[in-house]
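I hope they are handy as you look through the coordinates.

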Amino acid sequence: MRIIATIIIAIAVNANISAQTKNYDYITLDSLQINGFNLGGTYATMKELLGDPSKEYTILPQPDCEEWCERSQRIYVYGNTEYIELNHRQQAISDCKFKELLGHKTSGIITAFELSSPKNNYVLSYKGYEFLIGDNISDLKFKTIMPNAYNFYLEIKNQGRSISYLKAYLSEPNKEIAYKKGVEFIMFHVDTSNQLVKIEINYPKE
C-alpha cells in the first residue's frame, strides 16, 4: 500500500509540475539582441555598440527593508523618455533601459532590460525575427517562437478572462548564468487590442 501511495503522490506531483509549465516556452538569453547587443554581454560592449546612455541611475534597497526589496541595480537609459500618469502617479516610459545587477560576480554584465520604443529605434531580435513595439501578437513570429504561451493567451482570452502578456522562460545554454544574475523569464506585454507595448526581463525582488 505504501508503494502504491508513493506512486500516486509522484504522479500527482508530476502532473502538477506539468500543468504549471506546459504553457511556457524557452528562450536562450545569449540569442536575444537589441540593436546588435547580446543580452548577457558586458557594459563595455553595450557602450561600444550603442554609445553612451542618455541617463544612468542606481536603485538601492531601502535601509529598513527586510523582504521583497528591489535588488541593487544600475539602470542605463537609451532614447527618449515619456512621463505618463499610471496608478495615480507619474511613471517614466523610456525607449530602452538596460539593467546591471550590482554584486561581486554580476557587476559589468547586462542581463535585464525594458523595451518600450514606440518609434522602434530599439528592436529586439531573436532567431532571425524582430519584435517591434506595436506588433500584433497574432503575427507568425509569436506563434513560432512562443507557441505554448500564445495558445495559453488565446485560451484565456476565449474564456473572457483578462491576460496582458506572453511569457517565456530563459533556458540553456545560459540558464545557469541567468539564474545567477537573478533573471528567470522574459515578458511580452500586450494591450487590450493584442498590440505589443513592452518587452522586459527584470530582476525579481528579494
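1. A definition to begin with: a nonpolar core is a set of buried Ala, Val, Leu, Ile, Met, Phe, Trp, Tyr and Cys residues joined through side-chain atoms within 4.5 Å. Buried stands for under 20% relative accessible area, exposed for over 50%, and partly exposed for what lies in between (1.4 Å probe, protein chains only).

2. On provenance, this is a predicted model, where local features need pLDDT of at least 70 and side-chain atom pairs count only at pLDDT 80 or more, while totals for chains, interfaces and linings use all residues. Residues are numbered from 1 along each chain as its sequence is written, and side-chain values use heavy atoms, with hydrogens and water left out.

3. Now the core. The largest nonpolar core has 41 residues, and Phe98 and Phe188 have the most contacts inside it. Strand β8 (residues 109–115) gives the most to this core, with 4 residues; strands (E, at least two residues) are DSSP runs, numbered from the N terminus.

4. Phe188 is worth a click. Leaving aside residues up to four places away in sequence, its contacts (heavy atoms within 4.5 Å) include Ile27, Leu124, Phe131, Phe142 and Met146. Leu124 also stands opposite Phe131 in β10.

5. That brings us to the sheet. An open sheet is formed by 4 strands in the order β3-β2-β9-β10, with antiparallel pairing. Its edge strands, β3 (37–38) and β10 (129–131), each pair on one side only. Between β9 (residues 124–126) and β10 there are 3 bridges in the antiparallel sense; two strands pair if DSSP finds at least two bridges between them.

6. How many salt bridges does the structure hold? There are 4 salt bridges, each being a side-chain nitrogen of Lys or Arg within 4 Å of a carboxyl oxygen of Asp or Glu.

7. One of them joins Arg74 and Glu56, at 3.3 Å from N to O. Arg74 lies in strand β6 (residues 73–86) and Glu56 in strand β5 (residues 55–59), so this pair ties together parts that are 18 residues apart in sequence. Arg74 is partly exposed at 22% relative accessible area, and Glu56 is partly exposed at 34%.

8. The side chains of Lys141 and Asp135 form another salt bridge, at 2.9 Å from N to O. Here Lys141 is buried, at 8%, and Asp135 is buried too, at 12%.

9. Lastly, Asp52 and Lys47 form a salt bridge whose closest N and O atoms are 3.0 Å apart. Asp52 is exposed, at 58%, whereas Lys47 is partly exposed, at 29%.
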